[in-house]
Every structure is written in C-alpha cells, then in structure tokens.
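Welcome, and thanks for taking a look. Here is a friendly briefing to read alongside the picture, arranged by topic.

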There are 6 protein chains.
Amino acid sequence: MLNVIVTDPPRADLAEVDKLAGYGVATVHEAIGRSGYLGPQLRPNQQGTRIAGTALTVLCWPGDNLMIHAAVEQARPGDIIVITTTSPNGDGAFGELLATSLVSRGVRGLVMGAGLRDTQELRDMGFPAWTAHVSAQGTVKETPGSVNVPVTLGGQLIRPGDAIVADDDGVVVVPAAWAEKTLAAARAREANEGDKRAKLASGVLGLDMYKMREPLEKAGLKYID
Amino acid sequence: MLNVIVTDPPRADLAEVDKLAGYGVATVHEAIGRSGYLGPQLRPNQQGTRIAGTALTVLCWPGDNLMIHAAVEQARPGDIIVITTTSPNGDGAFGELLATSLVSRGVRGLVMGAGLRDTQELRDMGFPAWTAHVSAQGTVKETPGSVNVPVTLGGQLIRPGDAIVADDDGVVVVPAAWAEKTLAAARAREANEGDKRAKLASGVLGLDMYKMREPLEKAGLKYID
Amino acid sequence: MLNVIVTDPPRADLAEVDKLAGYGVATVHEAIGRSGYLGPQLRPNQQGTRIAGTALTVLCWPGDNLMIHAAVEQARPGDIIVITTTSPNGDGAFGELLATSLVSRGVRGLVMGAGLRDTQELRDMGFPAWTAHVSAQGTVKETPGSVNVPVTLGGQLIRPGDAIVADDDGVVVVPAAWAEKTLAAARAREANEGDKRAKLASGVLGLDMYKMREPLEKAGLKYID
Amino acid sequence: MLNVIVTDPPRADLAEVDKLAGYGVATVHEAIGRSGYLGPQLRPNQQGTRIAGTALTVLCWPGDNLMIHAAVEQARPGDIIVITTTSPNGDGAFGELLATSLVSRGVRGLVMGAGLRDTQELRDMGFPAWTAHVSAQGTVKETPGSVNVPVTLGGQLIRPGDAIVADDDGVVVVPAAWAEKTLAAARAREANEGDKRAKLASGVLGLDMYKMREPLEKAGLKYID
Amino acid sequence: MLNVIVTDPPRADLAEVDKLAGYGVATVHEAIGRSGYLGPQLRPNQQGTRIAGTALTVLCWPGDNLMIHAAVEQARPGDIIVITTTSPNGDGAFGELLATSLVSRGVRGLVMGAGLRDTQELRDMGFPAWTAHVSAQGTVKETPGSVNVPVTLGGQLIRPGDAIVADDDGVVVVPAAWAEKTLAAARAREANEGDKRAKLASGVLGLDMYKMREPLEKAGLKYID
Amino acid sequence: MLNVIVTDPPRADLAEVDKLAGYGVATVHEAIGRSGYLGPQLRPNQQGTRIAGTALTVLCWPGDNLMIHAAVEQARPGDIIVITTTSPNGDGAFGELLATSLVSRGVRGLVMGAGLRDTQELRDMGFPAWTAHVSAQGTVKETPGSVNVPVTLGGQLIRPGDAIVADDDGVVVVPAAWAEKTLAAARAREANEGDKRAKLASGVLGLDMYKMREPLEKAGLKYID
C-alpha cells in the first residue's frame, strides 16, 4: 500500500449536495435504496444539527493523527472531513485546533471512526462532529497514511468527493454520481410521507394503508381474543 | 411458535399506573423488591421525561418492522409500546410515521430493543422513547411475529398489560397484578427517603443512620491512620 | 487483601488543584506527558461542567455499595469521590441520597466505574458525575472493601489524594506530587495554543507550522493529481 | 420479590428429554418453531459434547454464588443446572467443587450467564458447561436469591423442569409441555434433512429444491454477465 | 441499490492463489503493505487449517440467508464464499446443508460476518469456516440481496474474484490484480524471516538487528538501574 | 511521562514462583485474598498449560511494538513478558520472531493486552500466551514507551518482578513481596479443598458443610412445595 495524497479529486456537485441537506439521513438512506448508512456507532457531538458536504477522506494509523494535518491543505469549501484508521482506535485524534484550521478553509464538519476531544469547545464554536468515540487520549504524529483515497467506515465504502449527509440519526454516504437521482428520490419520498403522515394522524391504520392484512393472513398470523 | 395477535389482553389499572408515574424508575424498582429493571442498554431519546403506561408488546424479526404496523390497531389510550426482536438487532425499526400513528391512538411512548430513527423529529413532537440503539438503517416488512404475547427485554419478562415506568434512569416493568401494592411501597419508600435526605443533608452519616459500624467491624474492617 | 479505611491520607495541595480546574482534561493530559486519562468509558451525566478536586478512593464489591457509605465519613472539602469495583459491574451503586450526604461534607463530584441512578435529580441538584454506566439496578450493602487505598480505573492507578480533573472529554488523574509542575506545563501549553490557534485561523497550515513536509516526504508519501 | 426455593417442581418427562439429546441444538430450535435459543454468548467449555436434561434454575446476585450451594439439595438425576444473575456479571461463580457436588446427585451439566472457573479441571472430570464468561474472580456467599423459579437467560424464559439441550452451537430451551411434540418435529426434520443432504451433495441446487427462482425474479433480482 | 447476481466475474489466477496458501495470513498482510486484514472478529471454527481461494461474495439482509442459496449456483472450484449482511447480524445463516451444496461445487471454505451453526458437523466434514459469530438462531429466506458485487467486511473492501487467505490468525484479502506481486513479496519476506529467526534464536537482539538503539536514544529513552 | 527502561529490577524469588505454578490461578487468586486476577479478557492461545514466572513489564503505544524489541534485552530466565498499551489496542504486536528471541533468553510466556499473531506457530513451538486479542494486523516501530515500570492490565497493578501465574482460567499477579505467604496460603487452601471434595463427592451438602442454613433462614428465604 503506497501512501498517497490525491490532490484534487472530482467532487459531487455542491449545489445538489446543498439541497440534500434539506432531507434527513433516514430519508436519504431510503432514497438510495436503503444503503449507505454508516451505522449506529457514529454519534453526534451536538444535538439538532443537519449538514451535507463532499467527502475529504483521510486514512490514519491508530493513535496517530499525522495525516489529518496533511489533509487540511486538500480541503475545499463545502467539504466534510471523513477520517478512519487502519485498525480500530478510539484515541483523541481530533480537537479544537484542527477544527479551527478546517473552518478557515470552509470545511463544514467531521465524520470520524476515531476519538474526539475538546467536545465542549467544538460545540461552542459550532463545528459539528459525528464520531465513534470521545476521548482526551493524545495521539502521535509519526506514521504516514493517505488522503483522498477510498476508505471504509461503518461498513460503507466512501470515495473522495462522495456526498455526505449527517444529522442526529447518524451519517449516510451518497456516491457522487448518484447525487442528482438521490435528490429526486428524496423529494418524492418526502412528498409521499407528508400524505402518509396526515392519514396516519387522522387514524388510518398502516395495516390498511400498506395493504398488509392479506399477506399477514397468508403467512398464518392468527388473531386471538 | 405460532404467530399470534392477542386482541384485548387485560391491562393494569390505568388509574394506578398513572400514580406510579409520580415515582422514579429507581424508586419503583426498589419498591417491587429490587426487580423488574430492564437494564442500562435502554437509553432515553430525550432528557427529563418520566412516563408510565400499560405494555403493548410486540415481537419482531431482526431488521423487520412488519409487526409494529400490525400492533398499532391493538393500541389503547395509556399504552406504552414495548418492542423486541427474536434475535439482537439494532436496525431503525421505528420512526416518526409510526409515532404519529400511535399518538393518534393515545399511546404514551416507546420502549424498544431495536433501533430508533427520526430522533430529532420525535423529540420535536414530544413522543418519548427509550431504545437500545439509534439507527437510520431501514427495515423490511416481510416476516410475521406476534403482538401482545409475553416477551423478554433486558433480562425481564414483560406480559401485555403490565405497568411500565420510564425516566432518565431507564425502564422498569411492574406485573399488572402488583401495581397497587407497588404503588403503596413506592409511597412508603419516598416518604422515608424525605426523612433520610434531611438527616444526611444535615451531616448525619449513613454509617450511623443505617447502623453499619458494627457489621463492618465484625467483618474485619480496619481503620488505619 | 485486608479491608481497610485509611483515615486521613495526604492530599494534593488544594490551591493548586483549584487552579488545574482552569484547564481542560485534554490539556492536563498532555501537560503530564500524555498520561493519566481514565478512558472513554467514563461519560459525564451533565454537559458543560468542569471540576477539579482531590481523590477520595473507594473499592467496592460488584453490586454492593456498602463502602461508599463508609467513605462519606472520610470526605474532606475539595474531594472528588472515585469509586471502583473489584470486578466489572454496572449496577446503580450511587444516587441522590449519597450525593446529598457528600455535598454536606464539601465533596465536589463523582467519578465511578459502576452505575449511576437518579440521574435527573443529580443534574437538578448540580452534583456532577462521570460514570461508566447509568443504571437503576439496586445494590446490597453486605461485603466490606476499602477506602483511601490505591485503585485502578480506566487503566490508570489512582492514589488517595491525587488530583482529579473532569470535563466533557472525560477524567484525568494527576499524581499529587506532580500537581505543581503539571499546572506550570498546562499554563505553558495553553499560552502556546492561543498562538497556534490564531495562526491556524488565519490560514497557516499545520503542515508548515509543525514542519511536517520534510518527514512526510522522507517517509515516502506521494502527491498524485 | 420474595426469595424462595421451590422444592420439587414438575419436570419434563426424562425419557423424552433423553431422546431430544439425539438431535442438535439447531435442529431442536427449528423444531419448536425457530424459538428457544439462548443466544451466542453461551459458549461450551469443551468441544464435541451434546447433552439434554431438565432445568434446575438458580437466580443469584452478581458476584455471589450463595444460591448455587442452596440449589444442590434440589438437584435430581437428569437435571442441568441453569444459573443466572439479577444483573449482568461475569465473576467465577462456579468451579470444580460445586461440580463434584452436583455430579454426586446426578446432574448432567451447567448452563450459566456468569463466569466459570477451574475450566481445565471440569474438562478433565467430564462435567460439561456452557457459560457466558470464563473467570477466576472469586464470589461471596452473602445475599439470598431463588431456586426453581422462572428465570430469563439469553432473552429466553426458562421455567424449572423445562427441557434443555446443549451442544457446540449453544443451548436451547424447550418448554416441558412441548417436549413430546418437539421430539416428533425434530425426528421429522432430521429425516427430511437426510434426503435434502443427499440431493445437495449430488449437485441439486437449493434454488431449485426450495423453488426460489420465481420469488427472486418477482422481487426484481437481476442476473448480469 | 438494485439487487443483482453477477454471473461470472473475473477471478484471480487460481494457480497463484494456490501458492499464496503456502504463506500465513500475517505474512500475506505484510506482503501487501500491511493492509487487507479482515480484523480479529473473524474467528476460525477449527484449529490448524490454512486455505486460499477466490472470493464468491454475497450480500444478505440481517436474519435472512436467501442469497446464500442463490450464490451456490455461481460457485466455481477454488472459490471461498464471503458473506456479509447489510447491517450487523449474528444469526445462524449457514450450516451443514449449505456446506454440502458448496462442497459439491468445489468451494473451499467460508468467511462470514454473520453466525455459523452445525459447528461440530462442519468440523467433522472438514469444511473450514471463519465467522464473526456462532449461533443456532434460524434465519428466514425472504429478502433479496446481491451476489458477486463488492462488499465490505471487517473494514476491507472485497471484490468478487479477489484472493482470500485464511488461517488461525484470521483472514486477509488480496486484490485479484495484486496476486502475483503479493506472492513475490511473501516469498521474499519469508526467506528474510528464516534468516532473522536463526539470528534471534542464537541470541542476537532485535535492537541490534533492526538498528533501533540510535533512534531510541534520539527519542529521549533513558536507561535506569 | 519520561520514557525509561529499568535495567534490573528486583524480582520475586524464582524458587517460590516455581512452586506457585503447582497451584491454579483460581486457587492463587483466593490465596491472596481474592485479588490480583487480570480479568476474563485475557484468553489462552493454547489449552491445558499452566506457568508461573516473574513479570518483565512493557508499556507500548497503540499499534506500535517498538518497546517489545527493546524489552528483550532486559529479559532474564524465569520471566514472563507482560505487555500493555497506553490506550486500548488489539493490533498484532507479537508473533513468532519475538517469541523466538525471548525463548533464547529463558522467557516462559506472554501476557498481553494487545493482539497476538502467528498463533498456530506459537502453539507449535510451545510458547504459551495469554492475550486480549488475536490479530494479524501489523504494527509500526516508531514511538518509545517504557520497560520494567509499573503497568496496569485488566484492572490490576503489575510491578516488574511480581509473580505471574497463568492457566486456562486466565492470569493472576502476586506482588513480589507476597510470594512466600501466598504459597503457604495456596498450600493450605488446596489441602482443605481435598477434604471438601471428598465430602461433597460422597453427597454431603455445601449447605451443611458451610453452615449456610441458618443465615439463609434469617435472611428470609422460604421453601415452597
């Protein structure tokens, strides 16, 4: 494995990515065919924030944040930095100073498999983060990794430039080439949901709305007094 | 295992259940003889809410929320829906649309071993939830399970109609037949605690109040300067 | 293992400990040479609180809070009670009554490997706590342990009287004898960080500020268009 | 919760239970409608052993094996002792001396949510055990619990006298009243499996044998070169 | 996400793959630049077996083994079946009958993120398996997924046809296009290791052999009597 | 934290340590007052081996085995190498080459919080190991730590030169100064156990032998037909 920094990979269209931020993670995940969710271990450091952006990917060694420093130079406005490690590690690889540096380059937030520190300071400065760990444990800056290569996080493949959407439910990745059709599907889904919501609120049953009674009966379900 | 829906099981007396909501989970757990706690993995989706209600139980297959839809029809005002899966699963089986449907039938909240999504929306609409997981991962609607059968969750047996109390400390189940005596015991305990609290606040030591000095000495405890 | 209570162990200088509270856990951890962090499993029960104090250590048996009661008598103003168990256990060993008792003796907060209950009441009364578990599960008061002996928690050795600092990033222990030099190092670090922060905010890259370009090149890192 | 010992609960018919031992855990689990499996956390202390017996249930406090001693007197030949704790605990509650005592009363093995010690000695004496933990950590004998009451373990309800089957795949519980019909279903399933095995070994595809091609096509599955 | 079966993807050269089986997982992992390891959660069901083969990938829904049946038809001699699920799930998706079917088509073994059952039967028939879980819990056959698409398992991307090597240390994936150069690097590494082993066995220190004394001194390491 | 290597710390008397190997981990743990057990996460790489030795302690950075190489030079015949990391890490820091080097210096085995690789080779060469993880994931050799300083592992403090006993139940540490009295207590305990074993095998109940009937009755235990 050669250690590389890819300097300007193609990114999803930012205008479309911005529109994706209008839809929640659950909706976008359904819109791309129930895929792309980065799993429940990525928890928000704040409550009530939803963002979207393009992935600036970083691959670090465990307990080593050298490549995050190297990645800052590659950041473009609209990016979300996505950091993973070559093996599972929860040490505090990211804090307020790195966030300050990224904000100066227009980065919108952080998604990371490692540990976050300065959690209160990051909330105070309004830099949103979704991470698998919170930890004050310090890291070294010794071993090179890569920037803007494909990485996996939470069982998903993330390519540099892919669209990322994050909110209180977690994080979802949308392949850059799918951004447009995902947006269309999310719009359609949300329109449809408004109608469903009104029906359900009025007392219509999902059993009837989704026509589930017949398949349940066929599957042998019995009602007992 | 036959898949069944029991249509109108007896429930704990709702007037008594409502009074149980005046006591915290820890107090109720102690009042029924230090039992019934559903364990630390069930975490609240909101902060500072305490509810009580009668259990509407649902047994689903992993990654499948079909039976939650079927359960809505069985809901009665005052119910808390209690959802578990036939094997451990954290997928996002429950979100805002199901909550909307349940609210229209008077359901007070959710207790679930699976994953919650639309977490911010649920906080916004004031639908309280205690779940073992948060996840946007979508589920299918394919395999029947059961509604209003006894289930286990967090090492406790929960029968349909049992009383459920939930707050920031977690969730406790009170067998329907014990609701009255539990209420009496909780009252007695809380009265007693007020007295203890005042003594402890004034500097009286638990060592003296609980008469622990003698047993500690008998057990061989030594004081060393 | 003899069960003992050490009645008045030497403590870190409280004036210095108070000053340590001006620095975050991450800063203090770095200031003592990147050590002393009690790990990510100790999570705060509240948000935005930072405290420092001297360790009042307690060693309990699993599911048994007898020694916490015995420890109250040993508390001195400025202490933080640090509770661990002889084997891993998450039961709810600590709640509002014990907190009331400790507050009356000037204790500033709780750090505990076991479970916390009455979480909302503790937030209401302003008693800060960092614990590995939240649980309403009750404990017994049967088996003696020790008070003010060295304990381990989160992979760290904590001696009675050591300085403890805790905030939203977790908890760090500073050996009592190191309090003064740690304070000096934290001061120096924070001064230095202010300078770095300003540079990074203005767009200076960490790659340049930390002089990382040459070692990265030596390590074989390649840039690819 | 009253602490009780039920002295001679009804048990599943031992002749039928003995016959169940001829079928593996996976087969029995399927035969009772895909239920009763105690989950993957119960691992065998030995390899290649399969047993069946009637459940002698024990409920202990964490880190306390008092009730296992009390349970020995209730043991009958053909029993399997099933031990759980009121909250999760992995301490070494069971070892060679307790096994010696149980063997003298005809007990066939151990299923336990807590920790096992003397693991090599137990293998040497041929006493089979399935436990969630291995631990040398000692326990106390202080707090009473119950014997021969319903318990939950691995998400299953186990009543005293239920049939237990255990092998390298784990442990399954069969309600005492279902032993006969489960045996019949297991026999039918195994006969059927022999036929399937021969077909599959000869190259027949499950796709054809289970008639899956049509539903897969209907569900929209596509084949791509 | 369209559900697809790719019918005959290119595979790594089987002659080279066969030679890779002569090297252990740790050696191959180092030979491809310290990458490709599928992580510690994949444990062998047997001891002392090492295999290599080409990946036949399968993506299933949790608790559903429908696509494993569909994958059998796509198996070619020399394949290792690699099964993952759309969200984490440990249910017993694979047992003896599926193994029988795969053996009839020349498949060499199993790598799976889900649960294994019939563990003893699989050892008896000599079908090697590496899985994240052991479980007798049955699965349904309801929801389509995909066969021979890229999947992630243990943080690695696995493409159909990639080379897989597995032994008691776990599992490593080698991209199909890298098989030849990986083989060369593994050979070189092993030759080198024989030489090192002899030196170390004779008492030469790694400190000297790897020339570590100088960098350690530079890094400030002190020797203390 | 200064990085240091302590070159020849005092060790427990090897003649006494050798005698400790005649007693199991569970017995030694009880003999020192139910303390010193390193917990269930340290699992043996082999079955049926029991060793004792003196601790050669190593503190590494996560994903970095540099200090293990530095520790070899400090090894003395009779040592057991005890390796921990500054934060939790399961990477494969130790394999066959390091074992070869240690064997040449008379080291008896390995106890480690990180990951083991070459597991089959280590079994073949008869080098026993107890580790928290098995992993082929490679480590770097970059960051200095310490050798022969006090470390914590599994919640226990281990000083260089302490006695270590390990078998299939796990690992226990005995402070060097306690070796002699621990040996005496283990002898007494084992003698006593032989007597108990004979009684229990003959059908005497623990309830009577340990005189538990009266305290159980006092605690309110009821017998129910």
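In chain A, Asp195(A) and Lys199(A) sit four residues apart in helix α6 (residues 179-201), so about one helical turn separates them. Their side chains meet in a salt bridge, at 3.8 Å from N to O. Please keep in mind that this is a predicted model.

- Side chains of opposite charge can pair when their charged atoms come close.
- Asp195(A) counts as partly exposed because its relative accessibility is 42%, and Lys199(A) is also partly exposed, at 37%.
- Chain D has a salt bridge between Asp195(D) and Lys199(D), with the closest N and O atoms 3.8 Å apart.
- Asp195(D) and Lys199(D) are four residues apart in helix α6 (residues 179-201) of chain D, and therefore about one helical turn lies between them.
- With a relative accessible area of 45%, Asp195(D) is partly exposed; Lys199(D), at 38%, is partly exposed too.
- In chain F, Glu193(F) forms a salt bridge with Arg189(F), where the closest N and O atoms are 3.6 Å apart.
- Both Glu193(F) and Arg189(F) belong to helix α6 (residues 179-201) of chain F, four residues or about one turn of the helix apart.
- Are these two partners buried or partly exposed? Glu193(F) is buried, because its relative accessible area is 13%, under the 20% limit for that word, whereas Arg189(F) is partly exposed at 27%.

**Salt bridges across the model**

- Over all chains, the count comes to 96 salt bridges.
- One network of salt bridges links residues from chains A and B: Glu30(A), Arg34(A), Arg189(A), Glu193(A), Arg197(A), Glu96(B) and Arg117(B).

**Helix α4 of chain A**

- How many of the eight residues of helix α4 (residues 96-103) of chain A are buried? Seven of them are, and the helix is mostly covered.
- The buried residues are Glu96(A), Leu97(A), Leu98(A), Ala99(A), Thr100(A), Ser101(A) and Leu102(A).
- Within chain A, these buried residues pack against α3 (66-72), β4 (79-85), β5 (92-94) and α5 (119-125).
- They also pack against α6 (179-201) of chain C.

- Lys211(B) is not a glycine, yet its phi is positive, near 55 degrees.
- Lys211(B) lies in the loop between α7 (206-209) and α8 (213-218) of chain B, and it counts as exposed because its relative accessibility is 67%.
- Lys211(F), which is not a glycine either, has a positive phi of about 55 degrees.
- The loop between α7 (206-209) and α8 (213-218) of chain F holds Lys211(F), and this residue is exposed, with a relative accessible area of 67%.

**The second largest pocket**

- This pocket has a volume of about 2,000 Å³.
- It is lined by 45 residues, and the closest to its centre are Arg43(A), Pro44(A), Arg43(B), Pro44(B) and Arg43(C).
- By class, its lining has 21 polar, 15 nonpolar and nine charged residues.

Key: Residues are numbered from 1 along each chain as its sequence is written. Chains are lettered from A and ligands numbered from 1 in the order in which they are written. This is a predicted model: local features need pLDDT of at least 70, side-chain atom pairs count only at pLDDT 80 or more; totals for chains, interfaces and linings use all residues. Side-chain values use heavy atoms; hydrogens and water are left out. Buried means under 20% relative accessible area, exposed over 50%, partly exposed in between (1.4 Å probe, protein chains only). Helices (H or I, at least four residues) and strands (E, at least two) are DSSP runs, numbered from the N terminus. Contact means heavy atoms within 4.5 Å. On a 1 Å grid over the protein atoms alone, a cavity is a set of points where a 1.4 Å probe fits but cannot get out, and a pocket is an open set with protein on both sides within 12 Å along at least five of seven lines; lining residues have an atom within 4 Å of a point. Grid points are joined across faces, edges and corners, and a volume is the space filled by probe spheres set on the points. Ala, Val, Leu, Ile, Met, Phe, Trp, Tyr, Cys and Pro count as nonpolar, Asp, Glu, Lys and Arg as charged, and the others, Gly among them, as polar. A salt bridge is a side-chain nitrogen of Lys or Arg within 4 Å of a carboxyl oxygen of Asp or Glu.
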